[in-house]
Amino acid sequence: MFMNKLKKFGLIAGLSVLASPAMAEVPGETAFIFNTLLFLIMGAFVMWMAAGFAMLESGMVRSKNVATICVKNVALFSIAGILYYVVGYNLMYSGVDAGFIGEFSMWSPDDSAYLGETPDFGEGDTYAAGSDWFFQMVFVATAASIVSGTLAERIKLWPFLGFVALLTAIIYPIQGSWTWGGGWLSEMGFADFAGSTIVHSVGGWAALTGALILGARSGRYNSAGAPVAMPGSSMPLATLGTFILWLGWFGFNGGSQLALGSAENAIAISQIFINTNLAAAGGVVAAMMASQMVYKKVDLTLALNGAIGGLVSITAEPLAPTGGLAILIGAVGGLLIVFSVPVLDRLKIDDVVGAIPAHLVCGVWGTLAVVLSNGEASLVTQIIGIASVGAFVVVTSSIGWLVLKAVVGIRASEEEELLGLDKSELGIEAYPEFSRS
Amino acid sequence: MKLIIAIVKPFKLDAVREALTAAGVDGMTASEAKGFGRQKGQTEIYRGAEYEVNFLPKVRLEIVLDDDKVDAACEAIRSAANSEKIGDGKIFVLSVEEAIRIRTGETGAAAI
């Protein structure tokens, strides 16, 4: 009896050593379902970031331009969704083969391997094709959202949407193919987990070229060149928008693990959530302290930008850092915000919501910070990735803006700007029952 | 009859109303106003850019009274609205030629 027990124990122990990797795996179809759920749920979280951008930008513009910024946000999300279906996805992911560009064709799902008599679910890394399309689509919409905030209050609606079409159908997918589509940058080993460069700096570069070509809002800089404050219409809305973005970011970074079919992936996603939250928190605290020291006041909008800056900074590598390093990476992002806002003002680059500091400056910083925790990443490769994506977006965006400027004009007239774009472009007001005191 | 126009700080409105009621004033009109005096507004800061807010929010009170109540009313306003800080406001007293109650057509002191 005793021997029997021992034998049995030994047998089980021996079996478990042999079988431990296999026993840890769930059936392929189960992994397929979990991976698909991850994409769909996390993607829905990222979709909600569109609401965050809409509220943040609504709060940061003056009340005479709030309805227009709402229209721009709902329109750009829709245009991005359609064009990523029609051309963007395949341009980014289909037949890139270590090259520079995918295929010009419409996306269509191919789930044939997972259906029929003998479905093949691979190594636990498969998912429904449509869930991947959905998850990638909400990322391109995020890149487009970044541009609208910078250029708010003086760009005309339809030319702006024309640029959004160019960005979401052509510019974003082509540079995205270089890394996430398996193109030349991924061959070099460029590391950008969830898109500090590929999503955020792309939006930031497009916003920067737009701001340079469009010019500042009328009266934003006085005759001496000093910035004139144009306080936003609603700090509570800007705060709500920032919290919505913060929430969405768990999907943005967490979903970018791309799999939830094993304990290893579940643990990784949990770590990503923690690091994402810590970086945002570090960004807020650092921005508040810097604002207090520099301006003797805590500026709420800089604290909100600090959250976004921390989030963008951790996006290129949200998994590998320890919690402490994540706080530090986010805190540096928060400091970069407070110090780059006045630099932009000195250059008379009018960024209404602070998207260039948050998404471009922190996007670059976050991509460089990958080397602090990811031993496989090289600083040189990271710089090559940042510079090549930046150069491509600056050149293509500039062409887009300049063509739009020459053909239809991109700027509202001074009279329209002073009246407010809500009245001049839409004929409605965001708050028609409020008197302007 | 006199018209008192008093410009006071908005957060002092309730204290002023109570003091005036205690001094026997039966009615008044209040409106939101903006302005500045020797104080010249204040400096605020937004995203690193300083800006002057010259027109500060104030409340403008209008009260029509019999001549014999004017001194008590002015004293009530002055004591209730006083925070001993710059920007506490002003009181103006003007003569009123006529007052008419719309509902009854009463005129003069009977109308106020």
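I start with overall size: for 437 residues a compact globule would have a radius of gyration near 22 Å, and chain A has 24 Å, which agrees. The radius of gyration is taken over C-alpha atoms, and the globule rule is 2.2 Å times the number of residues to the power 0.38.

Before going further, note that this is a predicted model, in which local features need pLDDT of at least 70 and side-chain atom pairs count only at pLDDT 80 or more, while totals for chains, interfaces and linings use all residues. Residues are numbered from 1 along each chain as its sequence is written, and chains are lettered from A and ligands numbered from 1 in the order in which they are written.

Back to chain A. Along the principal axes, its C-alpha atoms fill a box of roughly 95 × 50 × 45 Å. Its secondary structure comes to 15 helices and zero strands. Helices here are DSSP runs of H or I with at least four residues, strands are runs of E with at least two, and both are numbered from the N terminus.

I will show two helix pairs. Two packed helices are described by the angle between their axes and the distance between the axes.

Take helix α8 (residues 235–254) and helix α9 (residues 263–295) of chain A: their axes come within 9 Å and cross at roughly 140 degrees. Axes are lines fitted to C-alpha atoms, for helices over the stretch in contact, and angles run from 0 to 180 degrees between N-to-C directions. α8(A) and α9(A) are therefore oblique to each other. On this scale, under 35 degrees is roughly parallel, over 145 roughly antiparallel, 65 to 115 roughly perpendicular, and the rest oblique. The crossing of α8(A) and α9(A) is right-handed; a crossing is left-handed if the near helix is turned anticlockwise from the far one by less than a right angle, and right-handed if clockwise.

Which residues of α8(A) and α9(A) meet? From α8(A) they are Trp246(A), Trp249(A), Phe250(A), Asn253(A) and Gly254(A), and from α9(A) Ile269(A), Ile272(A), Phe273(A), Thr276(A) and Ala280(A). Contact means that the C-beta atoms, placed from the backbone, lie within 7 Å. By class, this contact of α8(A) with α9(A) has seven nonpolar, three polar and no charged residues. Ala, Val, Leu, Ile, Met, Phe, Trp, Tyr, Cys and Pro count as nonpolar, Asp, Glu, Lys and Arg as charged, and the others, Gly among them, as polar.

The second pair is α10(A) and α11(A), which pack at about 130 degrees with their axes 7 Å apart. That makes α10(A) oblique to α11(A). α10(A) passes α11(A) in a right-handed crossing. Among the residues in this contact are Gly306(A), Gly309(A) and Gly310(A) of α10(A), and Gly330(A), Gly333(A) and Gly334(A) of α11(A). The contact of α10(A) with α11(A) divides into ten nonpolar, eight polar and no charged residues.

Now chain B. It has two helices and six strands, and along the sequence the pattern is β-α-β-β-β-β-α-β. The radius of gyration of chain B is 17 Å, well over the 13 Å that the globule rule gives for 112 residues, so chain B is more spread out than a compact globule. Its C-alpha atoms fill a box of roughly 60 × 25 × 20 Å along the principal axes.

Strands of a sheet pair through backbone hydrogen bonds, either parallel or antiparallel. In chain B, four strands form an open sheet in the order β2-β5-β1-β6, with antiparallel pairing. Two strands pair if DSSP finds at least two bridges between them. The edge strands are β2 (29–35) and β6 of chain B, each pairing on one side only.

Strand β1 (residues 2–8) is joined to β5 (residues 56–65) of chain B by seven bridges, with Val8(B) partnered by Val59(B). β1(B) also pairs with β6 (residues 89–95) of chain B over seven bridges; there Ile5(B) is the partner of Phe92(B), and Leu3(B) of Leu94(B).

Last, the contact between the chains: 13 residues come from chain A and seven from chain B. α11(A) gives the most to the chain A side, with three residues.

Technical notes:
Contact = placed C-beta atoms within 7 Å.
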